[in-house]
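Subject: Structure for your review

Dear colleague,

Please find below the structure that I am handing over to you. My findings follow after it.

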Amino acid sequence: MSLTREAHPAHRSHEIPEATRLRLFQLQVEIRYCEKRAYDLFLQNLVKGTSHLALGQEAVAAGFAAAMNPDDYSFCTYRGHHHTLARGASMLSVLGELMGRQCGLMKGKGGSMHLTSVAHGVMGSYAIVGAHLPIAAGAAWSAQYRGTKQVACAFFGDGATNIGAFHEALNLAAVWKLPVIFCCENNLYMEYTPISAVTAVKNPAADRAASYGLERQVIDGNDADIVYSAARDALTKARSGGGPSLIECLTYRHSGHSRADPAKYRPKEELEEWLKRDPVTLYRARLLATGIAEAKLAQIESEVMAKLDRATEAAKASPTPSLESAMTDVWADGGHAWRN
Amino acid sequence: MAQLSYRDAVAAAIAQEMRRDERVVLFGEDTAAAGGVFKTTVGLFEEFGPRRVKDTPISELAILGAAMGAAMTGLRPVAEIMFSDFLACCWDYVANEIAKTRYMSDGQISLPLVIRTANGAGSRFGAQHSQSVENWAMSVPGLKVVAPSSPADAKGLLAAAIRDPDPVVFFEHKSLLANKAEVPEGEHVEPLGKAKVLREGGDITVIALAAMVPRALKAAETLAADHGISATVIDVRSLVPLDAKTLLAESARTGRVFTVEENPRLCGWGAEIASVIQEEIFDALKGPIVRITTPHVPLPAADQLEDAVVPSVARIVAEVRRTLDSRRAA
């Protein structure tokens, strides 16, 4: 699938303040570097289990996070490092969780697929495909009920559009006019299989929008300015009582589905085309073209790298969690007792 | 004390909690305007209005997902899954999401919510609308599991479940809904995790739950009147947290223990309780712990067949007598 001409809105970079554009760049760089570092740590056997990298999908996370209010809610998938970082969780706490250390966001009790940072509005990363869409709707209902003007954003892959929870959540959100945004990161593959091979419509999310009375939106998910603008519009609509939005962001993951997947099923030409549309490279070039100094961008990059190096060393030095912690926090009283 | 039916006691508990706590909301299929297909929520829509009492589409995933999202952001939702059999439709939320999120988030997320659901046989609805699935919920770490047998407990335990900071699966038994009994007026809350000794006897200890409790009590009367066997009857009330102390003490007192379970045989709740008892008070036992359960079959629809498989008063009496006779003969 090539980027469609129907993708909209056209980027409105000139309307976005420079400070915001620099933030969009910094967030993307931070995600890119941190995800690469996660992969390196994996090869060093310091990250166990699995991980699902969002390399190539940085613009979606950056665009939304920059547009959201600090008290808005994010609901992510097992491919959720990028959103967790973009909302403000530290690289140390994310890498620490991946490495199963005491400094991790959940002190090793959740792992890569369940990153949660309530302090940053990240209300969990959900590893059962589609499960978090109804949960986001519930959080949106709660915000509506409490009158807080908060918005819930659920991020999910193209594969989630074929599971029942997607449809139940969209219907409920539309019926109850909930302040929730459903953001599909269409990276063209559901795990190892092209989404087009298993989906009845061309655009797996947007082509279902009409079923729930929602506007059809397909945007270039590799353009942080476009994502930011679309997110901002949908957030404004949700906050003002206009109900839910469904946004399909066209993007591409640079690596395989998970660390076990070399992604050999992808045509070489397709990969090359999308690597040319690398969101971080494109955004850097745009900032330069709009008059931002090379030195400024280089400074951001080197500062992020220095911070990442410090975070990596601190995570490596962090102790592993106490074994007693495996028995805590089943219940609100902090314990695990099922009997007296 | 007022006479209330079990179904009215359910509504009374929800009303009591909604009046005292603005965060409590109620929703499910036909729950609001219709008052529930089992009429357990009659009057709540009228009293609390469409903002707090809502009808949902037939979307079990959305119902429990929404309950979870609302609970983690400050509400205290009471979500209804019409038949407990339908928990299978949304088991991901019950077992993977709601049960595990506090733990996985290292305590960052709290889920004070109640899943109310109509459980059990007696209505001749067949294999997909009659099951007793309390043992499904009991098997998942992170869920509290409650099943009242009386109107007073329906009110008191449901009120406690709504106030509880953890997720509670609350099983309302369909065949008990019409039962009327005294229910304390005014605020009534029964703590979770306490079994109730309903009858004291010296020969045997019968441990029962929900609709099996009145049957066990009737069986105890017959055993006393016709066979000279004096039975203690305990209502477990809450499978998680489990009042093991009371069960162990009452089992040790007679040394002869029977469980009466509506769930099918394998991995029924009585198996776990029997395991606890034999591990901890083996020397006090005078014979094997006997489980009286629905056999390991799906539930049939025809009334004669359903009655034949679910433990009945006659079967409890017969099993107790057979067990005691065979021990005497040996």
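In this predicted model, 37 residues of chain A are in contact with 40 residues of chain B. On the chain A side, β2 (122–126), α5 and α6 (164–175) each supply at least two of the residues that touch chain B. Helix α5(A) provides the largest share of that side, namely 11 residues. By class, the residues of chain A that touch chain B comprise 22 nonpolar, nine polar and six charged.

**The contact between α5(A) and α3(B)**

The crossing in which α5(A) passes α3(B) is right-handed.

The residues that meet here are as follows:

- from α5(A): A:Pro134, A:Ile135, A:Ala136, A:Ala137, A:Gly138, A:Ala139, A:Trp141 and A:Ser142;
- from α3(B): B:Leu61, B:Ala62, B:Gly65, B:Ala66, B:Ala67, B:Met68, B:Gly69 and B:Ala70.

This contact of α5(A) with α3(B) has 12 nonpolar and four polar residues, and no charged ones.

How much of α3(B) is buried? The count is 12 of the 12 residues, so α3(B) is largely enclosed by the rest of the structure. Among the buried residues are B:Glu60, B:Ile63, B:Leu64 and B:Ala71. The cover over the buried residues of α3(B) is drawn from both chains: it includes α5 and α6 of chain A, and also β2 (24–28), β4 (76–83), α4 (91–98) and β5 (114–119) of chain B. As to its length, the 12 residues of α3(B) should span 16 Å at 1.5 Å a residue, and the end C-alpha atoms are 16 Å apart, so the two values agree.

Within chain A, helix α7 (residues 224–239) has 16 residues and reaches 22 Å from its first C-alpha to its last, close to the 22 Å expected at 1.5 Å a residue. Its buried residues are A:Ala224, A:Asp225, A:Ile226, A:Val227, A:Tyr228, A:Ser229, A:Ala230, A:Ala231, A:Ala234, A:Leu235 and A:Ala238. They are covered by elements of chain A that include α1 (18–43), α2 (58–67), β4 (180–186), β7 (218–220), β8 (245–250) and α9 (279–289). After α7(A) comes A:Gly241, which has a positive phi near 85°.

One of the covering elements, α2(A), packs with α7(A) at an angle of about 40°, their axes being 8 Å apart. That angle makes α2(A) oblique to α7(A). Their crossing is right-handed. On the α2(A) side the contact is made by A:Ala59, A:Val60, A:Ala62, A:Gly63, A:Phe64, A:Ala66 and A:Ala67, and on the α7(A) side by A:Ala224, A:Val227, A:Tyr228, A:Ala231, A:Arg232 and A:Leu235. The contact of α2(A) with α7(A) holds 11 nonpolar residues, one polar and one charged.

**Backbone features to note**

Most residues other than glycine have a negative phi, and most peptide bonds are trans.

- A:Glu191 is not a glycine, yet has a positive phi of about 55°. A:Glu191 lies in the loop between β5 (189–190) and β6 (193–194) of chain A, and it is partly exposed because 14 other C-beta atoms lie within 10 Å.
- A:Ala263, also not a glycine, has a positive phi of about 60°. A:Ala263 is placed in the loop between β8 and α8 (268–276) of chain A, and its 13 C-beta neighbours inside 10 Å are the reason that it counts as partly exposed.
- The peptide bond from B:Val240 to B:Pro241 is cis, with omega near -5°. B:Pro241 belongs to the loop between β12 (238–240) and α9 (244–254) of chain B.

**A residue of chain B**

Finally, is B:Ser326 buried or exposed? B:Ser326 counts as exposed, because it has 11 C-beta neighbours inside 10 Å. Its place is in helix α12 (residues 313–329) of chain B. From B:Gly43, B:Ser326 is 283 residues away in sequence and 53 Å away in space, C-alpha to C-alpha.

Conventions: Residues are numbered from 1 along each chain as its sequence is written. Chains are lettered from A and ligands numbered from 1 in the order in which they are written. This is a predicted model: local features need pLDDT of at least 70, side-chain atom pairs count only at pLDDT 80 or more; totals for chains, interfaces and linings use all residues. A crossing is left-handed if the near helix is turned anticlockwise from the far one by less than a right angle, and right-handed if clockwise. Helices (H or I, at least four residues) and strands (E, at least two) are DSSP runs, numbered from the N terminus. Two residues are in contact if their C-beta atoms, placed from the backbone, lie within 7 Å. Ala, Val, Leu, Ile, Met, Phe, Trp, Tyr, Cys and Pro count as nonpolar, Asp, Glu, Lys and Arg as charged, and the others, Gly among them, as polar. The expected span of a helix is 1.5 Å times one less than its number of residues. A residue is buried if 20 or more other C-beta atoms lie within 10 Å of its own, exposed if 12 or fewer, and partly exposed in between; C-beta atoms are placed from the backbone. Axes are lines fitted to C-alpha atoms, for helices over the stretch in contact, and angles run from 0 to 180 degrees between N-to-C directions. Angles under 35 degrees count as roughly parallel, over 145 as roughly antiparallel, 65 to 115 as roughly perpendicular and the rest as oblique.
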